[in-house]
Amino acid sequence: ETSRCGVFSFPSCYDLNNVYVVIIVEKTLTEDGELEMYWNKNDDIARDISKCRSRAGRAADRLGSFLTPFAFGVAPLVKIIGSDSPSVPSSRAAQIPLFKFLPGEGDRQILNHIMAMSCPRGNFSTLNKASEVARDGTALMVLRNFGFLGIHSTIARNSKLARDRLVDFTGEIQVRRKLKEEEIPCLDNDGGQVATVQRWHENFVAELTSNGGRNLSSTKDHSLYTQELASIPLATTQINSKSLKELKPGTHFHTSFCNELLLQPYNIENCPKRNVCIKMEVARHYFSDDLNAMVVVPMSPSIHNPRRGPFLVREVFTTCAYHKVDPFFTDEFKVKLPLGDLSHKNEGDLVLVFTAYHVSVKEKKKWTLKHSCESTEAYSPLEQIGCGILPLSVGEKASYLIENGIHAVKLNYKSRKVGGHEAEDEQHQQKAYLKPHARVLEPIVISSEASLSDNETCPEDDNSRGEETSIQPSDI
């Protein structure tokens, strides 16, 4: 199980007056009409709580794997914790009002709300409007300010709010309080897997985590822990251009180094379907001579799981906006990069695979996280729109990681399981299944008679499948 407590740090050069606490509330994907009970105070649907709970349960059984944001809250950090550095950890509880979040509009509406709230009489108020207040919704958040006391203060015994252990940003190492009567030899970090910290922290023990530090639901030990949310550098990124596509990150000075990659799907363009979500995978990409086709082989679980369950997973999904064309996303994914070469002669190049799906909301097909959208196609509410790859390596002989910034991905393929007509004999069929979970990428054939504008002007419902209309490749 994941933790409800997170800890983060930021450079002392930051101006607290420009730092805001943002909360985004998500729920299971349903029809747009069911969101009115959260937004509209006069909505008649919310009067019968039993019916609402029953409908929510059925929606969770049918589409529990897909979420949609519907509310957000914003609060200035300085008004909660103050601007002074405390000599002892100080705690504050804040009731943050929730506002209407339009699914598919991205984080621009949050920025507009902050600008309108911070400058109510300025020039920004005419361009940026504050969002509507949700239906009597508030979020209670408890914030603790540790100042310069050190991150280990989150697990100190001198507070009732202290946690038992602190899991680092990578989920690989944790620091916990030393148990009474526990004797651990003082080993340095290179001499063993368990190490006690320096003598002035002799009550703490640093060790490797199990399952990323998460609590196991099968055990009775539900100790509370806190998760490091981000490892932030001392210098901020300087934006040299007003255009988001011309983002040029500045120089960083990092206090720690992690072999992790942060990804933020921004939006999808030129997509004729609605109810769109994006699946992301880490895979090896190569051309198979036996199959005479491009093949992607998903890597072992290497993506941090943003939900309950195992620590690392093979695939993750973005949120989904109901009946929204070309939606914007607010998701962020964290990937563990391999320690080997990004580009391998025999195994192929390391790539990110993005697959766009249309989610059928009205069809009552159950699909859970245990199912794979390729292996249980008959039970899946997903219809594949397109697939694209983003190479993570640059260069041929000595490959290195791609630069930070905006990267466009063309969804000009359709992926399918390896097998079938491309394996002509038993020998080729055996070779085709040497790579588990391998999939073939087939180019999307574009018809010159079909135009994107025609597809966009004709609204689609959940039952439309588009067999008679050619699909243009989309961009993400």
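Predicted model: local features only at pLDDT ≥ 70, side-chain atom pairs only at ≥ 80, totals over all residues.
Q: What is the strand order in the open sheet of 4 strands?
A: The order is 2-3-4-5, with antiparallel pairing. Strands are DSSP runs of E, at least two residues; helices are runs of H or I, at least four residues; both are numbered from the N terminus. Two strands pair if DSSP finds at least two bridges between them.

Q: Which strands stand at the edges?
A: Strand 2 (20-28) and strand 5 (133-145). Each has a single partner strand, so one side of each is left without a neighbour in the sheet.

Q: How many bridges join strand 4 and strand 5?
A: Strand 4 (residues 90-100) pairs with strand 5 over 9 bridges, in the antiparallel sense. Gln95 stands opposite Leu140 in strand 5.

Q: Switching to helix 2. Which of its residues are buried?
A: Cys52, Ala59, Arg62 and Leu63. Buried means under 20% relative accessible area, exposed over 50%, and partly exposed in between (1.4 Å probe, protein chains only).

Q: Where do they sit around the axis?
A: They cover an arc of only 95°, which puts them on the same side of helix 2. The arc is that of the directions from the helix axis to the C-beta atoms.

Q: What covers the buried residues of helix 2?
A: The cover includes strand 2, helix 1 (36-39) and strand 19 (348-359). Contact means heavy atoms within 4.5 Å.

Q: Cysteines next. How many disulfides are there?
A: The structure holds 0 disulfides (pairs of cysteine sulfur atoms within 2.5 Å). For Cys320, the nearest cysteine sulfur is that of Cys277, 5.4 Å away.

Q: Why does Cys320 count as buried?
A: Because its relative accessibility is 1%. Cys271 also counts as buried, at 0%.

Q: Last one: what is Val316 in contact with?
A: Leaving aside neighbours within four places in sequence, its contacts include Ile278, Met280 and Phe333. Val316 lies in strand 16 (residues 315-317). The C-alpha atoms of Val316 and Ile278 are separated by 8.3 Å, with the two residues 38 apart along the chain.

Conventions. Residues numbered from 1 in each chain as written. Heavy atoms only, no water.
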